[in-house]
Amino acid sequence: MGMTQPSPPPDDDRGQGPNRTAALFGLLFIALLVVAAVYLTQALHRKSQLEDCLMSGRRNCAPITAPAR
């Protein structure tokens, strides 16, 4: 039988190049979505509290800040 040379192992470039860049952009996009979601939930919570206060008939729900003299 003939002797054959073993083929070299294929290059393993996982985690580098375009795949890594795409993963970083994906991670950045997910982080921005999380930040936007947290901001929106906080803003909606504040508006909900203000609406609850107004619906209960109170007049001093939104504080007015006067400039310091």
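In the predicted model, C61 is buried, with a relative accessible area of 17%, a value that falls under the 20% limit set for burial. C53 likewise counts as buried, because its relative accessibility is 11%. These two cysteines form a disulfide, in which the sulfur atoms are 1.9 Å apart, and this separation lies within the 2.5 Å used to assign such a pair. By this criterion the count comes to one disulfide. The torsion about the S-S bond of C53 and C61 is about -85°, and the disulfide is therefore left-handed. In general terms, a disulfide is a covalent bond between the sulfur atoms of two cysteines.

The helical element in this part of the description is helix 1, which covers residues 18-55 and has 38 residues. From its first C-alpha to its last, helix 1 reaches 55 Å, close to the 56 Å expected at 1.5 Å a residue. Just after helix 1, G57 takes a positive phi of about 95°, and C61 is likewise placed in the segment that comes after this helix.

The surroundings of C61 were examined with its neighbours within four places in sequence left aside, and on this basis C61 is in contact with L50, C53 and L54.

Technical notes: Residues numbered from 1 in each chain as written. Predicted model: local features only at pLDDT ≥ 70, side-chain atom pairs only at ≥ 80, totals over all residues. Heavy atoms only, no water. Buried < 20%, exposed > 50% of the residue type's maximum accessible area, 1.4 Å probe, protein only. Helix = DSSP H or I, 4+ residues; strand = E, 2+ residues; numbered from the N terminus. Expected span 1.5 Å × (residues − 1). Contact = heavy atoms within 4.5 Å.
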